[in-house]
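Okay, thanks for coming, everyone.

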Amino acid sequence: MQYDLFTPHGETPHPPVSETQQMPLAARMRPESLAEVAGQKHLLAEGKLLRRAIETDRFSSLIFYGPPGVGKTTLAYVIARSTSAFFVMLNGVESNVSEIRAKIEEARTRMAIHGQKTILFVDELHRFNKAQQDVLLPHLEKGTVRFIGATTENPYFAINSAMLSRSQIFPLESVPDAEIVALLRRAAADEERGLGKLPLQLDDTALQHIALKADGDARKALTALEVAALSTAPAEDGCIHVTLEVAEESIQKKAVKYDRMGDGHYDTISAFIKSMRGSDPDAALYWLAFMLNAGEDIRFIARRLVICASEDVGLADSNALRVALDAARAAEMLGMPEARIPLAHATVYIATAPKSNSAYAGVNAALQDVKEGRTLAVPDHLATPTRKKLAKLRGVAEEATQYKYAHDFDDHFVPQAYLPEGRVYYHPTTNGLELRISERMEYLRQRREQGK
């Protein structure tokens with residue numbers, strides 16, 4: 001053992017630490033083959049398209065789409081290893097057009113001199129602007145590089161259509177809890193890349209907690225295990241006990257994937273509305289809680305409640321609209337966290353109320369006729385006095401210009417035409433309170449028939 005000027009006299013210097021040992025556990029445990037990849041069985045099981053493409057080395061451009069920590073970068077590394085290709089990685093945030101061109105030129109030279117293919121991997125592909133994406137296009141066509149992109153955003157919105165048309169898109173899913181637990185055990189036992197040289201004792205409850213809180217993110221789970229193992233002192237028996245208490249301290253509150261301007265925002269509000277429309281209060285409350293936990297604007301949630309109350313509950317229970325409006329005002333007055341209470345009140349009311357979209361469907365049909373059909377004139381008997389005078393000058397009979405005041409007749413109803421053509425837009429359902437409306441409309445329809 002050699003000493004240096006920085007080692008205090010009388011102390012034994014620490015052995016040199018390799019570059020690999022300095023890497024985080026998640027990086028050290030990165031899979032080296034398809035067999036080691038956690039999750040993604042829908043893509044990597046025997047016979048699946050992506051597995052066949054990798055094993056036969058028959059692919060050109062791939063885009064991996066999914067939440068953080070599910071293996072997008074890992075898959076790119078595994079593909080490079082299995083195909084013996086040179087691996088080049090760029091980041092969508094840091095890279096520019098000149099760097100992209102330089103890497104492509106290096107790939108062309110590498111192929112010409114060594115006959116080796118290059119895999120160009122772009123992480124956070126959605127951060128590439130149109131100019132950066134366009135630089136890649138001709139080289140994807142020529143096969144200068146084999147391209148793999150990774151993105152957490154929906155590629156159909158974030159990536160331009162020209163690149164999409166040249167690529168195969170594979171959605172990656174969150175890693176199941178059982179596979180995360182298996183990955184943690186493998187990392188704890190691996191003496192070369194993992195924590196196998198430490199005297200670890202892992203409680204099942206601790207591993208289950210880490211897997212649950214990681215929420216499908218394998219990288220987050222491995223990081224939590226590493227923190228737990230390295231920050232816990234050995235017990236009297238010489239073992240490092242990773243208990244449930246240690247696990248709870250080692251993994252932070254999970255970060256909800258929720259971009260208030262992107263897919264997470266629109267997908268979640270869509271699930272919220274459809275759950276209320278589908279009369280499932282439990283699902284509606286979950287998506288409400290999801291949005292509140294992610295910091296969604298309570299005014300946005302309140303507006304959606306008001307819309308849903310009128311669009312989907314409608315005349316089956318008109319009180320739903322009043323409840324939604326009251327909840328919106330109360331939530332804005334209270335602010336969070338108390339705003340969750342009136343919002344939940346309205347959510348459950350709307351979800352459990354009888355449903356009717358008759359008014360919504362009716363106005364949409366009427367709007368379509370107004371936009372696309374022939375414009376209908378206001379009937380003479382409904383027009384202003386000035387219009388009626390003009391009608392008389394045109395020779396219209398006085399009786400035809402007389403408006404009958406409904407309140408002067410029995411049942412406050414008189415059969416008369418209010419639309420030049422007999423169009424029907426409102427079709428009442430028999431749900432909830434609208435049953436009574438339906439019955440009254442049928443009664444009035446018969447009165448009109450009798451009055452003709």
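**Pocket and salt bridges**

So, the largest pocket holds about 800 Å³ of space. By pocket I mean an open set of points on a 1 Å grid over the protein atoms alone, with protein on both sides within 12 Å along at least five of seven lines, using a 1.4 Å probe. The points are joined across faces, edges and corners, and the volume is the space filled by probe spheres set on them.

Before I go on, the housekeeping. This is a predicted model, where local features need pLDDT of at least 70, side-chain atom pairs count only at pLDDT 80 or more, and totals for chains, interfaces and linings use all residues. Residues are numbered from 1 along each chain as its sequence is written, and side-chain values use heavy atoms, with hydrogens and water left out.

Back to the largest pocket: 20 residues line it, and Gly 422, Arg 423, Val 424, Met 441 and Arg 448 are the ones nearest its centre. Lining here means having an atom within 4 Å of a point. Split by class, that lining comes to ten nonpolar, three polar and seven charged residues. Charged is Asp, Glu, Lys and Arg; nonpolar is Ala, Val, Leu, Ile, Met, Phe, Trp, Tyr, Cys and Pro; the others, Gly among them, are polar.

Now the charges. I'm calling it a salt bridge when a side-chain nitrogen of Lys or Arg is within 4 Å of a carboxyl oxygen of Asp or Glu, and that gives 19 of them.

Take Glu 442 and Arg 445, whose side chains meet at 2.7 Å, N to O. Both sit in helix α21 (residues 434-451), three residues apart, about one turn of the helix. Helices are DSSP runs of H or I, at least four residues, numbered from the N terminus. Glu 442 is partly exposed at 34% relative accessible area, and so is Arg 445, at 41%. For the cut-offs, buried is under 20%, exposed over 50%, partly exposed in between, with a 1.4 Å probe and protein chains only.

What does the salt bridge between Glu 311 and Arg 277 tie together? Their closest N and O atoms are 3.6 Å apart. Glu 311 is in helix α16 (residues 298-313) and Arg 277 in helix α14 (residues 263-277), so the pair links parts 34 residues apart in sequence. Glu 311 is buried at 17%, while Arg 277 is partly exposed at 36%.

Last one: Arg 127 bridges to Glu 124 at 3.8 Å, with Arg 127 exposed at 51%.

Terms used:
Helices (H or I, at least four residues) and strands (E, at least two) are DSSP runs, numbered from the N terminus.
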